[in-house]
Amino acid sequence: MDIDAWVWWLIGAVGLGIPLVLTAMPEFGMFSVGAVAGAVTAALGFGVVPQVLVFVVVSVALVAVVRPIAARHRDGRPGLATGVDALKGRQAVVLERVDGNGGRIKLAGEVWSARTLDIGQTFEPGEQVDVVDIDGATAVVM
């Protein structure tokens, strides 16, 4: 039984699609699209050399163009701050005098122990402070 070249290209495209699903590596999908382009070239009656060239050109072009775009979108997403990292940069209200030795603030609806970033600085009850860091269970404010 003689199978046309375009069928082999489609079998190759499916074969390249399997590792894409198993490994979630998008490069395999790009190679699979290149194989489909090779199948189209074969179906149009071109020889083996043009088929391979179309496969290589389409695959390399997709890798060269799509990967950087995908990387930019992946890296451009702002990270979601959780835990104590989500508290940094927030404002709090002083409940008990805060100085370099300690004090109490209300931060995100909870009472926290706090100390000032600058040892010589003090904040009186009712003042607004900015949380610059969390040191254990103590908020560092300024």
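This is a predicted model: local features need pLDDT of at least 70, side-chain atom pairs count only at pLDDT 80 or more; totals for chains, interfaces and linings use all residues.
Biologist: Happy to have you here! Are helix 1 and helix 3 roughly parallel or roughly antiparallel?

Modeller: Helix 1 covers residues 5-23 and helix 3 covers residues 48-76, and the two pack with their axes 12 Å apart. The angle between them is about 25 degrees. Angles under 35 degrees count as roughly parallel, so helix 1 is, relative to helix 3, roughly parallel.

Biologist: Nice. Which residues of helix 3 meet helix 1, and what classes make up the contact?

Modeller: From helix 1 come Ala5, Trp9 and Leu16, and they meet Gln51, Val52 and Phe55 in helix 3. By class, the contact of helix 1 with helix 3 has five nonpolar, one polar and no charged residues.

Biologist: What does the UniProt record say about residues 6-22, and how far apart are the ends of that span?

Modeller: The unreviewed UniProt entry places the feature "transmembrane region" at residues 6-22 and also at 52-70. In the model, residues 6-22 are 100% helix and 0% strand, and their end C-alpha atoms lie apart by 25 Å.

Biologist: Great, and how far apart are the ends of residues 52-70?

Modeller: This span, too, comes from the record as a "transmembrane region". Residues 52-70 are 100% helix and 0% strand, with end C-alpha atoms separated by 26 Å.

Terms used. Residues are numbered from 1 along each chain as its sequence is written. Side-chain values use heavy atoms; hydrogens and water are left out. Axes are lines fitted to C-alpha atoms, for helices over the stretch in contact, and angles run from 0 to 180 degrees between N-to-C directions. Helices (H or I, at least four residues) and strands (E, at least two) are DSSP runs, numbered from the N terminus. Angles under 35 degrees count as roughly parallel, over 145 as roughly antiparallel, 65 to 115 as roughly perpendicular and the rest as oblique. Contact means heavy atoms within 4.5 Å. Ala, Val, Leu, Ile, Met, Phe, Trp, Tyr, Cys and Pro count as nonpolar, Asp, Glu, Lys and Arg as charged, and the others, Gly among them, as polar. UniProt positions are given in the numbering used here, feature names are shortened, and annotations may be inferred rather than shown by experiment.
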